[in-house]
Amino acid sequence: TLAVLTVALAIPILQMSLYPPTQWDAISYHLAAAKIYVREGAVVYTPYLRFPVFPQSSEMLFTLSLLLADDITAQLTQFLMMALTALALYGWGRREFTPRAGVLAAVLWLSNPLILWLGAGAYVDAGLALYLTLALYSLRNWRASEAENQGRVWLMISAALFGFAAATKYLALFPILCAGIYLLAYAAKRRSLRPVLTFSLITIAVACPWYLRNAWYTGNPVWPYFPEWLGYGPWNAADIVGQKFEQNLHGMGRGFSALLSLPWNVFAHADKFGGTGYFLSPAYLALLPLAAASAFWNRTSSILLLAAALYTGFWFGTVQALRYLLPVFPIVSLCGAAALERIVFRWNGLRRPVFSNMATALLGLVFLGVGLWLGPKVTEFLHRDLPRGLPPVTAEQRSAYLKAAIDPYQAIEYLNRTRGENYRVFSIPSTNIAYFTDGTFMGDWMGPARYLEFAKYLERPEDLQRELDKHQADFFLVHADGPLGYWSYNQVLDEKMLRGRMKLLLATHSILLFEIQPDPVDLVIGPELVQSGGLEGPPQSVASVWAHSAAPGADQLDAQSHTGTAAYRSDGRRQLFQRVPVNPGALYRHQMYTRADKPDQYARLQMHWFDRNEKFIRADWRIVEARDDDAIDEWRRRAMADQAPANTASVLIFASAHDGSEVWVDDLSLVEMKYK
């Protein structure tokens with residue numbers, strides 16, 4: 001039974017691990033740090049990563065993986081830890097309860113999309129869950145052991161595992177504190193401090209190097225926490241405030257009512273606790289009451305559930321990110337499976353081996369079905385995260401996969417191909433390409449290359465250049481992602497910015513890559529290619545230039561027009577479009593001015609490329625907000641840049657709203673940009 005269920009689970013889960021890494025934290029700093037360590041041949045300080053110091057025992061596994069193989073191997077280390085946790089649950093269940101309870105606990109653990117998602121990537125949470133599960137198991141074996149020497153070995157193993165957990169993540173410090181209090185109570189009862197000293201010395205010896213490293217570089221052994229007493233390190237007070245604000249966004253409150261509703265909320269509203277893809281099996285909602293009831297007749301269950309409750313309380317009062325709660329679920333899986341097994345297999349008819357095995361397999365399938373097919377957000381998980389087709393196996397397939405998954409990847413791939421490791425790039429706001437950068441990557445919300453320090457200069461080219469020079473940046477990369485990136489993308493396409501010291505090398509609807517020049521660029525912009533872009537003149541004249549759908553011509557806005565006396569109102573079905581001849585391979589800037597009478601209205605900057613035979617090549621577009629909230633009645637310039645495909649002869653541009661929005665459009669423009 002165990003073998004069949006294991007194989008059925010392992011194949012699709014293992015396939016998830018074989019895709020190139022795309023999870024945000026993994027490629028922002030976990031793998032990025034490991035790559036820097038391999039490149040430098042040492043565990044160096046990484047000032048431009050989000051977290052330049054941290055407990056990094058899992059990153060050492062990633063470093064070894066990159067040194068010997070690749071990032072797929074790094075992901076497989078976490079897959080292995082997830083699988084070992086399942087194996088540990090089977091062994092613990094077999095030892096403490098019954099083999100059936102162990103099987104069901106392992107399957108229940110692996111039926112959670114959150115756990116599968118973390119086990120398929122280069123996060124460190126699967127490792128933390130393994131270390132803490134085995135540490136608690138070893139501590140339990142120490143107390144249950146009758147032979148003194150054997151008991152001492154189990155205590156030493158537990159201490160080492162707690163040390164590895166603390167060397168993986170700060171969250172392990174709370175379970176270590178609880179274990180220390182438990183050992184002190186035991187020592188007071190037995191009047192011997194030997195267990196406390198043994199546990200403390202081994203745990204400190206294993207974990208301490210990372211905390212000493214933290215203190216060496218930042219002055220704070222648990223940086224960035226408790227900065228008021230231990231030091232801010234490379235961050236400032238604003239960075240700390242921003243970090244706390246981000247962490248406090250997780251969860252649904254910290255009051256008494258939020259605590260009472262927590263079991264329901266973490267399953268029904270998992271997206272409130274850490275983002276899409278993070279959800280758990282609803283089976284726990286039924287198993288938790290059974291597990292709690294079992295605590296009244298089983299001492300082991302009562303101890304384990306108390307440990308889970310203490311950790312949950314700690315988590316509830318700190319950062320309510322659901323993956324930070326992961327160490328609880330091996331314990332809850334074990335206790336829940338044991339309680340269910342005790343109820344189901346009480347019946348005499350199920351005690352025969354053939355029926356017992358069938359019932360165990362059926363319960364395992366129920367767990368899988370409830371977790372993977374009936375859970376909240378399951379459709380999104382199935383369509384986005386579960387593998388469809390074989391993972392990429394060639395360099396070309398890997399490149400295509402990453403370009404489709406991560407917009408700025410193509411810019412970094414270009415720099416890696418043309419510059420190797422000899423470049424420094426500042427990117428706004430794309431920390432998730434730090435790992436793929438062979439050169440030096442800069443740019444984050446916190447630290448020495450803060451986004452906001454650069455963003456405030458985006459209306460002043462000279463000041464922006466000065467800030468980039470301060471960090472010795474060779475390239476400036478803008479990604480139109482999120483409010484800051486969206487605004488930055490528009491700003492750098494302003495003519496005064498384009499005529500500064502930044503040369504546009506690569507442009508798409510979502511990314512702009514500039515090379516920093518020693519002197520202002522010699523740029524020719526124009527001439528204007530759009531006819532009647534201001535939509536002025538008689539409707540017949542406008543209609544003769546612009547093709548249309550639903551209604552021809554332009555609506556009169558008088559003084560409300562951006563310029564002149566006319567603008568165009570589109571609701572998505574009603575739009576104008578015009579075909580313009582272009583040169584293959586050339587850079588173009590397309591822009592228009594927009595406004596809207598209502599909030600949350602969107603327009604499209606849209607370019608359809610055609611070859612000489614009028615065959616469609618591809619479509620590029622940006623969806624842009626038609627107005628700013630702080631400037632309701634004002635027109636706003638929206639721009640995009642793009643490079644014409646090699647075999648292009650013409651492009652079709654539009655004056656159009658997006659998906660039923662009602663938007664006013666004026667002064668459409670398309671110009672070629674040439675550098676001398």
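Modeller: A residue is buried with under 20% relative accessible area, exposed with over 50%, and partly exposed in between (1.4 Å probe, protein chains only). This is a predicted model, where local features need pLDDT of at least 70 and side-chain atom pairs count only at pLDDT 80 or more, while totals for chains, interfaces and linings use all residues. Residues are numbered from 1 along each chain as its sequence is written, and side-chain values use heavy atoms, leaving out hydrogens and water.

Biologist: How many helices and strands are in the protein chain?

Modeller: The protein chain has 26 helices and 16 strands. These are DSSP runs numbered from the N terminus (helices: H or I, at least four residues; strands: E, at least two). Its C-alpha atoms fill a box of roughly 95 × 60 × 50 Å along the principal axes.

Biologist: And what share of the residues is buried?

Modeller: Of the 676 residues in the protein chain, 55% are buried. Among contacts (heavy atoms within 4.5 Å) with a separation of 6 or more, 71% are between residues 24 or more positions apart.

Biologist: Which residues have the most contacts inside the largest nonpolar core?

Modeller: M82 and W109 do, in a core of 136 residues. A nonpolar core here is a set of buried Ala, Val, Leu, Ile, Met, Phe, Trp, Tyr and Cys residues joined through side-chain atoms within 4.5 Å. Helix α7 (residues 125-144) gives the largest share of this core, 11 residues.

Biologist: What does M82 touch?

Modeller: Leaving aside residues up to four places away in sequence, M82 touches I13, W109, L110, I115, L116, G119 and A126. There is also a second, separate core of 64 residues, including L464, A473, F514 and W609.

Biologist: New topic, sheets. In what order do the five strands of the open sheet run?

Modeller: The order is β2-β1-β3-β5-β4, with mixed pairing. Two strands pair if DSSP finds at least two bridges between them. The edge strands β2 (440-442) and β4 (502-507) each pair on one side only. From one strand to the next, the twist averages 25 degrees.

Biologist: In which sense do β1 and β3 pair, parallel or antiparallel?

Modeller: Parallel: β1 (residues 424-428) and β3 (residues 475-479) share four bridges, and I428 stands opposite V478 in β3. Helix α24 (residues 482-492) packs on this sheet and touches β1, β3 and β5 (511-516). The direction of α24 makes about 125 degrees with that of β3; axes are lines fitted to C-alpha atoms, for helices over the stretch in contact, and angles run from 0 to 180 degrees between N-to-C directions.

Biologist: What follows I428 in the chain, and through what kind of peptide bond?

Modeller: I428 is joined to P429 by a cis peptide bond, with omega about -10 degrees. P429 sits in the loop between β1 and β2. Another cis bond joins G526 and P527, with omega about 5 degrees, and P527 is in strand β6 (residues 523-528).

Biologist: Which residues have a positive phi without being glycine?

Modeller: R191 and E614 are among them, each at about 60 degrees. Most residues other than glycine have a negative phi. R191 is in the loop between α9 (173-190) and α10 (194-218), and E614 is in the loop between β12 (602-610) and β13 (616-625). R191 is exposed because its relative accessible area is 79%; E614, at 57%, also counts as exposed.

Biologist: How many aromatic pairs are there?

Modeller: The count comes to 31. Rings of Phe, Tyr and Trp (its six-membered ring) pair if their centres lie within 6.5 Å; planes under 30 degrees apart are stacked, over 60 edge-to-face, and the rest tilted. Y409 and F436 are an edge-to-face pair, 5.2 Å centre to centre with 85 degrees between the planes. Y409 lies in helix α21 (residues 409-419) and F436 in the loop between β1 and β2, so the pair ties together parts 27 residues apart in sequence.

Biologist: Are Y409 and F436 buried or exposed?

Modeller: Both Y409 and F436 are buried. F610 and F616 form another edge-to-face pair, at 5.8 Å and 70 degrees. F610 counts as buried because its relative accessibility is 10%, while F616, at 44%, counts as partly exposed.

Biologist: What sits over the ring of F610?

Modeller: The charged end of R579 does, 4.3 Å from the ring centre. The rule asks for NZ of Lys or CZ of Arg within 6 Å of the ring centre and within 35 degrees of the ring normal. Likewise, the charged end of R604 sits over the ring of W621, 5.2 Å from its centre.
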